[in-house]
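Welcome! Take a moment to look over the chain below, and then let us walk through it together.

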Amino acid sequence: MDFSIKAFDTKSTLGTAKSGCIAVAVFENKKLSPAAKSLDSKGAISAALKSGDISGKPGSTLLLRAVDGVAAERVLLVGMGSDETVSEKSFASGVQAALKAFGSLGAADAIIALPLTEVKERDVNWAIRCVVQAAHDSEYRCDSQKSKKDPAPAGVRKIVLSAPTTAATRGALAQAIAIANGSDLTRKLGDLPANIANPTYLANTAKQLAKDYKFEVEVLDRKQLEALKMGSFLSVTNGSEQPPKFIVLKHMGGKAKDAPVVLVGKGITFDTGGISIKAGPGMDEMKYDMCGAASVLGTFRAIGEMNLKLNVIGVIAACENMPSGRATKPGDIVTSMNGLTIEVLNTDAEGRLVLCDALTYAERFKPAAVVDIATLTGACVVALGHHNSGLFTRSDAAHDQLANELLAAGKQSSDTAWRMPIEEAYNEQLKSNFADLANIGTPGGGSVTAAAFLENFTKKYTWAHLDIAGTAWKSGGAKGATGRPVPLLTTFLINRV
């Protein structure tokens, strides 16, 4: 779908604009938005609202054809709630309803003249991003592996946003498109089955991104990982026939002397649980256990399209967790890259085993900050549901600042996170009689003890951990990857420029 911005004068030019459709807002109190008023010179819109044909409730719509005095072929009335200063939720509902209606129209283009500048506590740039992301969500299809694919999207293919045409709004539109494209890539990778999206597939995706956007890329294989003494990471891949891949992407868009931000992604392309095997029901969803890695690749897709003026490095530890005669067993002790020994009490707590070596590897970049992203614990879903990603970091000035940046980026992008604690008391739960650490804690606080485990490998830099187990995908009838937290991560990086 193509997007552009144009500033229409609601007193003159909107009514004369030639378009397949114009979407305007109406309200539950029978009032019209300024854009709707400008198209109501003959009273057709106010009559439709007074008749009760549209309630004005958020998400309600009514299509009018050949409105007298309006050059556009159709006018779509969109309910926006009870107040002309629209709530964020009402605006999002209205946008989604408008886009759904556009999909069934016999028109190729449309103008969105909804109140982009009248959303409570939000600016026009947020509203632009909301429209673009919703349009991408409405178009997204997960049927690439079907022999008979769903019909291609019909209806409107070109959208003009009625908004002030400024450098800021043009920039916001470009960013919104890039972030949506990055989210789409993350969703596609997450939705692909594990027999396609294996570690090699992720490595090849990284190589293609490097080619498209002039990134530097390096992919390390098993022998190189053995030479680096990544015993923890390699312990997870022992049972699989698929070779592990350790992927490093570099976007050096800032000054040469500037320390980079490093994004570290968990890339378990399928997680059986290993010898501590999972129950059968729902195990198919473990193809999504690489959504941390997918979000790093999606974020690089976005910052590459924007050519972001910042140094960013992506590190992805990709492998499968499978049971076999070679697989790591409960009770085995492995040695991580930084020398700490780990007693593997449960092979299904494998994400932290791959991440800890990746976090040690990140030290070599002398980073300004490191953020790891992982579908790490079911406990985080219990704690936060599917609304917020879990954010964990130490409590000091530098880490509080990093946490605040990530939380602000989440709120700005509507891809929210919630800060959880890390305290020394949780490390007490990770003590082992036989090794420096156990890979699981004693009962209670499962998402926190997982983060506390990772914290042991991040002492040399400023670090935060995002547990996206509850936000990276949806189960049930809406099963599929969400593309989160690409909006949060990309916004966080944009704000650092």
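## A first tour

Across residues 346–353 the chain is 38% helix and 0% strand, with its end C-alpha atoms 11 Å apart. Helices (H or I, at least four residues) and strands (E, at least two) are DSSP runs, numbered from the N terminus. UniProt lists these residues 346–353 for "domain: Cytosol aminopeptidase" in an unreviewed entry; its annotations may be inferred rather than shown by experiment.

This is a predicted model, in which local features need pLDDT of at least 70 and side-chain atom pairs count only at pLDDT 80 or more, while totals for chains, interfaces and linings use all residues. Residues are numbered from 1 along each chain as its sequence is written, and side-chain values use heavy atoms, leaving out hydrogens and water.

Next, the interior. A nonpolar core is a set of buried Ala, Val, Leu, Ile, Met, Phe, Trp, Tyr and Cys residues joined through side-chain atoms within 4.5 Å. The largest one has 51 residues, and Leu263, Leu466 and Leu493 have the most contacts inside it. Helix 10 (residues 291–306) gives the most to this core, with seven residues. Another core, of 47 residues, lies apart from it and includes Phe233 and Val334.

How many disulfides does a search of the whole structure find? The search finds zero, a disulfide being a pair of cysteine sulfur atoms within 2.5 Å.

Technical notes: Buried < 20%, exposed > 50% of the residue type's maximum accessible area, 1.4 Å probe, protein only.
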